[in-house]
Amino acid sequence: NSLSKNKLLPNSTLKLKIYQFLDYTMYRLSYYDRSLDIVRNINIPLAQYLNQKNKELQFTQLQGVYLYSIGKIKEAEQIYTEILQEIDENDFNISRSSLYNNIALAYHKLGKYNNYLDFQFKALSIANDKENYDHQLNILRNLFVYYRESNNPEEAINYLKKAERLAIKQ
């Protein structure tokens, strides 16, 4: 926190990038609470100060990811929903497939399975359109797991085969 208040490092895109890397490092080390603190108290306010709305929304989405990671699913769902509303009203460059997938995972944890499937299919459609193979595979895996846990082995195998065909194609 002393680094964020250090006058030798003025508020700038460089400072934002430094904290973005620090936040990512904490997340990869599973220090979700520290990542959440950095995003809430430094990255989002700094992006607002620098008038970088796209970055602000990206950091806000990460806030949802970190809340989800520490078990605050309802708060994560609320954040994702607010971001979705904002990008629907404005034209911000936020990955919709990623956001839809995050919302879907929150819905799954909250037992809102119809919403979960709706957003997984939306995410998959966008990932297909963008030819984002890694994201497609991730979503197909999610659907495989969902249908396997729902005692629907035929549908689970269907998504597993789709993932296999995609992996071979890639």
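Predicted model: local features only at pLDDT ≥ 70, side-chain atom pairs only at ≥ 80, totals over all residues.

Modeller: Thr60 belongs to helix α3, which runs over residues 53-69. Thr60 counts as buried because its relative accessibility is 16%, and the cut-off for buried is under 20%. What does Thr60 touch beyond its neighbours within four places in sequence? Its contacts there are Ile44, Ile79 and Ile83.

Now move along to the aromatic residues. The whole structure holds nine aromatic pairs. One of them joins Tyr107 and Phe119: the ring centres are 5.6 Å apart and the planes meet at 45°, so the pair is tilted. Tyr107 sits in helix α5 (residues 96-109) and Phe119 in helix α6, so this pair ties together parts 12 residues apart in sequence. Both Tyr107 and Phe119 are buried. A second tilted pair is Tyr116 with Tyr146, at 5.2 Å centre to centre and 40° between the planes. Here the link runs from helix α6, which holds Tyr116, to helix α7, which holds Tyr146, so parts 30 residues apart in sequence are tied together. Tyr116 is buried, with a relative accessible area of 2%. Tyr146 also counts as buried, at 11% relative accessibility.

Tyr116 and Tyr146 are also members of one aromatic cluster, together with Tyr113, Phe121, Tyr147 and Tyr159. Phe119 has a charge over its ring: the charged end of Lys122 sits 4.5 Å from the ring centre. Elsewhere, Arg34 lies over the face of Tyr31, at 4.4 Å from the ring centre.

Tyr159 leads on to helix α8. It is one of the buried residues there, along with Ala156, Ala163 and Leu166. The buried residues of α8 pack against α6 (113-129) and α7 (133-149). What lies on the other side of α8? Glu154, Arg165, Ile168 and Lys169 are there, and they are exposed. As for its length, α8 covers residues 153-169, 17 residues in total. From first C-alpha to last it reaches 24 Å, close to the 24 Å expected at 1.5 Å a residue.

Notes: Residues numbered from 1 in each chain as written. Heavy atoms only, no water. Helix = DSSP H or I, 4+ residues; strand = E, 2+ residues; numbered from the N terminus. Buried < 20%, exposed > 50% of the residue type's maximum accessible area, 1.4 Å probe, protein only. Contact = heavy atoms within 4.5 Å. Expected span 1.5 Å × (residues − 1). Phe/Tyr/Trp six-rings, centres within 6.5 Å; stacked < 30°, edge-to-face > 60°. Lys NZ or Arg CZ within 6 Å of the ring centre and 35° of its normal.
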